[in-house]
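Me: I am new to this structure and would like to learn how to read it, one feature at a time. Could you guide me through it?

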Amino acid sequence: MTDSRYDGTIDWDRYYEDADDEKRAEASPSAHHAGDVLAEFVAATDAARVADVGCGTGAATFTVAEAHPDTTVVGYDAAESVLEENRERARERDVENVRFEHAVLPAFAPDEPFDVVFSYFTLQYVRDVARALTNLYAAVAPGGHLVCNYLNEAGRAYCLEAADDPHANTDRAFVFDPDQYTERFAALLDGDSVLSAERIEHVLGVEPRSAFEVVDRPDTQWAWHHAPLVCVGK
Ligand SMILES: C[S@@+](CC[C@H](N)C(=O)[O-])C[C@H]1O[C@@H](n2cnc3c(N)ncnc32)[C@H](O)[C@@H]1O
């Protein structure tokens, strides 16, 4: 069952409460390159305050905080259970420039603005994705950037191919758990959370650029065709 917090996706609190290491890794795509990309972006733009919204296990959050000890990094997530784990890890590792707070997109109204608001593989779970984008961008300080990825129409079409029979498609990307596949990606499969550069520009009034105009694109193959990583300056 989902509650209103997880309209359009699974109950992520329960997910992390039940998750073994493999499940945690499956929910941490930013561990593969995005943390390093974000750390490079922070260095290139001299960002002093960074938010990682939908931080999950904090793979990118910790990478940036540890690479940039003078930068304040705040990880936000809807799932309290994973936030508490992350706080414990920060204490254990003595990472003093990181903290974790609760936020449920599309709502996002932090007390302070950020030089970089980052959100990775999270917007696809939010039905009112336009309001999420608006609120994330509102939290960007003048001169700063929203850096996010999103699932586009090609991504939705790819995911729809597995939706009729997830159990027959466990070899495909995104089919982490065939039993929960259609519930997990409901907002995407229904088309609600699909984004494009044009839609982002329409919502924010600013044309998004590829994040790789600012930082180097990693050599490794990614699903950029389905999930572009963009930045929107302010
Ligand atoms: C696939 S994980 C990605 C985690 C992290 N960004 C990464 O790439 O390693 C998606 C995360 O979004 C969180 N999430 C789902 N719906 C959310 C919402 N409405 N607001 C904030 N976080 C949400 C989940 O709890 C989960 O941690």
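Me: Which residues are closest to the ligand, and how many surround the ligand?

Reply: Please keep in mind that this is a predicted model. A ligand's surroundings can be read as a shell of residues, and here 23 residues surround the ligand, the closest being W12, S30, G54, G56 and L105.

Me: In what order do the strands of the open sheet lie?

Reply: A sheet is read from one side to the other, and in this open sheet of seven strands, with mixed pairing, the order is β3-β2-β1-β4-β5-β7-β6. At the edges are β3 (98–102) and β6 (209–210), each of which pairs on one side only. Within the sheet, β1 (residues 49–53) and β2 (residues 72–77) run parallel and are joined by five bridges; R49, for instance, has T72 as its bridge partner in β2.

Me: Which strands does helix α3 touch?

Reply: Helix α3 (residues 34–45) packs on the sheet and touches β1, β4 (114–119) and β5 (140–149), with its direction at about 160 degrees to that of β4. Helix α6 (residues 129–138) also packs on the sheet, touching β1, β4, β5 and β7 (229–233), and its direction makes about 140 degrees with that of β5.

Definitions and conventions
Residues are numbered from 1 along each chain as its sequence is written. This is a predicted model: local features need pLDDT of at least 70, side-chain atom pairs count only at pLDDT 80 or more; totals for chains, interfaces and linings use all residues. Two strands pair if DSSP finds at least two bridges between them. Helices (H or I, at least four residues) and strands (E, at least two) are DSSP runs, numbered from the N terminus. Two residues are in contact if their C-beta atoms, placed from the backbone, lie within 7 Å. Axes are lines fitted to C-alpha atoms, for helices over the stretch in contact, and angles run from 0 to 180 degrees between N-to-C directions. A residue is near a molecule or strand if its C-beta atom, placed from the backbone, lies within 6 Å of it.
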